[in-house]
Amino acid sequence: MARKVIITCAVTGAIHTPSMSPHLPITPEEIAEAAIGAAEAGAAIVHLHARDPKNGKPDQSPEAFAPFLQVVKQRTNCVINITTGGAPTMLVEERVRPAAHFKPEVASLNMGSMNFGLYPMLNRFKEFKYDWEQPYLEGSRDRIFRNTFADIEYILTTCSENGTRFEIECYDIGHLYTLAHFVDRGVIKPPLFVQSVFGLLGGIGPHPEDVAHMKRTADRLFGNDYQWSVLGAGRNQLAIAAQAAAMGGNVRVGLEDSLWIGPGKLAESNAQQVKMARQIIEGLGLEIATPDDARNMLSLKG
Ligand code: KMH
Ligand code: ZN
C-alpha cells in the first residue's frame with residue numbers, strides 16, 4: 001500500500017497583506033470558501049487565521065473566527081487547525097484566545113523566538129491600499145516574534161487541557177531541541193507533528209541540505225514518534241514540498257506561505273496550490289491522506 005501524505009493548507013495567515021494579491025482571502029466568506037476549496041482539492045488539514053474584513057489586518061478575536069469556522073465545519077470533514085501564532089505583533093495571551101475558545105483538534109505552536117523578516121517584501125510591493133500594511137512590514141526590521149519557553153508552555157498547557165494537539169512550527173534546528181526538551185519534561189506527548197519552516201529571513205534557509213539536515217536531526221531526536229511536514233516560504237514552496245514528499249514527509253501549502261503558483265505568477269486560489277501538491281505526491285506514487293487518515297496518523301481527538 002502506498003504511503004499516505006498529509007496536505008495542510010494555510011489559507012491566509014498574517015504575513016501577506018491585502019495589497020499583495022487580489023486572491024488573498026480576507027473576509028469570513030472568502031476564508032471559508034478558500035478552506036472548503038482546499039479541502040475539496042485534497043487538503044486533510046486547514047490551518048486558519050482570521051482578519052478584520054474592513055482592512056485585512058490580522059485579528060485573533062474569537063468573534064473573527066466564529067463565522068468561517070462554522071461554515072468550514074458544516075461543509076467539510078477536514079481537520080481544523082487554529083493558529084496560536086497570530087501575528088508577530090501580538091502577545092501570547094491574545095494569540096491563544098481562539099484556540100482556547102474553540103478547542104480545535106489542532107493548534108499551531110511556534111517553538112522559539114526569532115527575527116521574522118517580513119520587510120524584504122517591501123522591495124517588491126511599493127503601493128499599499130490600507131494604512132497598516134507598510135508600517136507592519138517595515139516594523140519587522142526590528143521586531144522579534146516572541147516565543148519564550150514560558151510562552152510555549154502557556155500555549156501547550158492551555159490547549160492540551162482541551163485535548164488539542166499541535167502543529168509544531170520549527171524554523172531552525174534549535175527549535176527541534178526545544179521541542180525535545182518539552183518532550184523530556186512530559187509537557188507534550190507523541191506522536192508529534194513537526195512542521196519545519198524553510199526560507200524565512202531569520203530562520204533556516206531553503207537549500208536541499210537544510211531540508212535534509214532538519215529531517216536527520218528530527219529523526220535522531222524523535223525516532224518513530226513523529227510525523228514530519230514541511231513548509232517552504234514563497235518561491236520555495238513546491239520544490240521543498242517535492243523534496244520532503246520524496247523523503248517521507250508531509251507537506252503544507254497555501255497563500256499564508258506563498259502567493260505564487262509559478263515564477264511571477266500569482267496563485268488564484270489556495271486550491272490551485274493544493275492541486276499542485278497533490279500532483280507531486282501522486283506523481284511520486286504516494287497517496288494523499290484523507291482527514292480521517294490524518295486523525296489516525298496524528299492521534300487527534302476527532
Ligand atoms: N506563517 C508561518 C510561517 C502560526 O500561525 O502559528 C508560520 C505559522 C505560524 O503558521
Ligand atoms: Zn499560520
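1. Lys 215 and Asp 219 sit four residues apart in helix α9 (residues 208-222), so about one helical turn separates them. Helices here are DSSP runs of H or I with at least four residues, numbered from the N terminus. The two residues form a salt bridge, with the closest N and O atoms 2.9 Å apart. The term requires a side-chain nitrogen of Lys or Arg within 4 Å of a carboxyl oxygen of Asp or Glu. Lys 215 counts as buried at 16% relative accessibility, while Asp 219 is partly exposed at 32%. Buried means under 20% relative accessible area, exposed over 50%, and partly exposed in between (1.4 Å probe, protein chains only).

2. A note on the basis. This is a predicted model: local features need pLDDT of at least 70, side-chain atom pairs count only at pLDDT 80 or more, and totals for chains, interfaces and linings use all residues. Residues are numbered from 1 along each chain as its sequence is written, and side-chain values use heavy atoms, with hydrogens and water left out.

3. Helix α12 (residues 291-298) holds both Arg 295 and Asp 292, three residues apart, or about one turn of the helix. They form a salt bridge, and their closest N and O atoms are 2.8 Å apart. Arg 295 is buried, with a relative accessible area of 12%. Asp 292 is partly exposed at 42%. Elsewhere, salt bridges with shared partners join Glu 167, Glu 169, Arg 252, Glu 256 and Asp 257 into one network.

4. Glu 138 pairs with Arg 141 in a salt bridge whose closest N and O atoms are 2.4 Å apart. Glu 138 is partly exposed, with a relative accessible area of 30%. The count of salt bridges comes to 14. Side chains of opposite charge can pair when their charged atoms come close.

5. The largest nonpolar core has 67 residues, and Ile 7 and Leu 48 have the most contacts inside it. Such a core is a set of buried Ala, Val, Leu, Ile, Met, Phe, Trp, Tyr and Cys residues joined through side-chain atoms within 4.5 Å. Helix α1 (residues 28-41) supplies the largest share of this core, seven residues. Another core, of 26 residues, lies apart from it; among its members are Leu 118, Phe 125, Trp 132 and Ala 267.

6. Which residues does Ile 7 contact, leaving aside its neighbours within four places in sequence? Its partners include Gly 42, Ala 43, Ala 44 and Ile 45. Val 251, Val 253, Val 274, Ala 277, Arg 278, Ile 281 and Ile 288 are also in contact with Ile 7. Contact means heavy atoms within 4.5 Å.

Definitions and conventions
Chains lettered and ligands numbered in written order. Helix = DSSP H or I, 4+ residues; strand = E, 2+ residues; numbered from the N terminus.
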